[in-house]
Amino acid sequence: MVNGEPITNYDIEQRSKLVFLTTHKPASREQVIDELIDEKVKIKEAKKFGVDPTASDIDQAYTAMSSRMHITAEQLTKSLESQSIRPDTLKSRIRADMVWSSLVRGRYKESLQVGEKDVAAAVEVKSGEEKQDTESFEYKMQPIVLIVARGSAPAAIESRRKEAEALRGRVQTCDEANALFKSMQNAAIRDPVTKTSADLPVPLRELLDKTPIGHLTPPELTKQGVEMVALCGRKATTIDTPKKKEIREKMYVEKYEAKSKAYLQEVRKAAMIEYR
């Protein structure tokens, strides 16, 4: 019993199956009970501060999880049921993780902040240990899409891709790109966006570094159609680098985990936990 709420043998059996499914390792009964106790106290503590997601919120998170696994929510449910696991067993874990993350980040927002001086100092130490970080750039870009209707035949898609390649050869400046694509049917050029190296995945950074200013990146097929990016500007920056971002995120996670652990110990001590 946790604050008057029961944890049953059935709950323990279900969670044991879920743990084995996700980790491929059996957990002891004590470990499973501890996990379930943690969830009960997290949810109760969150409710004290008005953090109480609806069933719809949980369903959305469940669907988002299935999307990350490249399957539908229905397929995830079937996969769980094939292992004799009720979907609510996973949804209970999702609820606890969701409310706890929101609670810790909300209550300890100030103390979780990572100072830029601390990041810079950590970068210096890291740079002394390994090869210097590559130069960081700020990119000004305009995404372009040649729209391809869903379900189009491969020949139509290939024709659109060839059209994109031909247009790519004509464009020499972003002004030309704007004039061209704004006047074209079934094409769009979006507003400029500015990103640093730290904001972009490595393949895109490498592609942009090879692209001359004013030119377009090679066409790529996406859900919207055939997409390219017009590179309107590229300049060196010290604002942020991939290494800085990596270190900042790592420092934040370390702070969050320490605060979360201490807070959980505190609420567990205050809880009424009775073993029968």
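How much of the accessible surface of the protein chain belongs to carbon and sulfur atoms? The share is 52% of about 17200 Å². Areas come from the Shrake-Rupley method with a 1.4 Å probe, and for residues only the protein chains shown count as cover.

The model is predicted: local features need pLDDT of at least 70, side-chain atom pairs count only at pLDDT 80 or more, and totals for chains, interfaces and linings use all residues. Residues are numbered from 1 along each chain as its sequence is written, and side-chain values use heavy atoms, with hydrogens and water left out.

**Figure 1. Overall dimensions and make-up of the protein chain.** Eleven helices and five strands make up its secondary structure. Helices (H or I, at least four residues) and strands (E, at least two) are DSSP runs, numbered from the N terminus. The C-alpha atoms fill a box of roughly 75 × 50 × 35 Å along the principal axes. The radius of gyration is 25 Å, whereas a compact globule of 276 residues would have a value near 19 Å. This radius is taken over C-alpha atoms, and the globule rule is 2.2 Å times the number of residues to the power 0.38. Of the 276 residues, 36% count as buried. Buried means under 20% relative accessible area, exposed over 50%, and partly exposed in between (1.4 Å probe, protein chains only). Contact means heavy atoms within 4.5 Å. Among contacts with a separation of 6 or more, 78% are between residues 24 or more positions apart.

**Figure 2. Charged side chains across the protein chain.** There are 47 positive and 43 negative side chains. Lys and Arg count as positive, Asp and Glu as negative; His and the chain ends are not counted. The centres of the two sets lie 1 Å apart. Each charge is placed at NZ of Lys, CZ of Arg, CG of Asp or CD of Glu. The structure holds 17 salt bridges. A salt bridge is a side-chain nitrogen of Lys or Arg within 4 Å of a carboxyl oxygen of Asp or Glu.

**Figure 3. The salt bridge between Glu 35 and Arg 15.** The closest N and O atoms of Glu 35 and Arg 15 are 2.6 Å apart. Glu 35 lies in helix 2 (residues 29-48) and Arg 15 in helix 1 (residues 9-23), so the pair ties together parts that are 20 residues apart in sequence. Glu 35 is partly exposed, at 25% relative accessible area. Arg 15 is buried, at 2%. A network of salt bridges links Arg 15, Glu 35, Glu 39 and Arg 93.

**Figure 4. Thr 89 and its contacts.** Thr 89 sits in helix 5. Its relative accessible area is 9%, and Thr 89 is buried. Neighbours within four places in sequence aside, Thr 89 is in contact with Gln 14, Arg 15 and Leu 18.

**Figure 5. The salt bridge between Arg 268 and Asp 38.** The N to O distance in this salt bridge is 2.7 Å. Arg 268 is in helix 11 (residues 242-270) and Asp 38 in helix 2; the pair links distant parts of the chain, 230 residues apart. Arg 268 is partly exposed, at 23% relative accessibility. Asp 38 is buried, with a relative accessible area of 18%.

**Figure 6. The salt bridge between Arg 95 and Asp 52.** Here the side chains meet at 3.5 Å, N to O. Arg 95 belongs to helix 5 (residues 87-107), and Asp 52 to the loop between helix 2 and helix 3 (55-68); they are 43 residues apart. Arg 95 is partly exposed, at 22% relative accessibility. Asp 52 is also partly exposed, at 46%.

Figure 7. Buried residues of helix 9 (residues 174-183) are Cys 174, Ala 177, Asn 178, Leu 180 and Phe 181. They pack against strand 1 (137-147), helix 8 (154-170), strand 2 (187-189) and strand 5 (225-236). Thr 173 is in the loop between helix 8 and helix 9. Thr 173 is partly exposed, with a relative accessible area of 33%. The C-alpha atoms of Thr 173 and His 70 are separated by 38 Å, and the two residues are 103 apart along the chain.

**Figure 8. Lys 117 in helix 7.** Helix 7 spans residues 116-129 and includes Lys 117. Lys 117 is exposed, at 76% relative accessible area. Ala 96 is 21 residues away along the chain, with 34 Å between the C-alpha atoms of Lys 117 and Ala 96.
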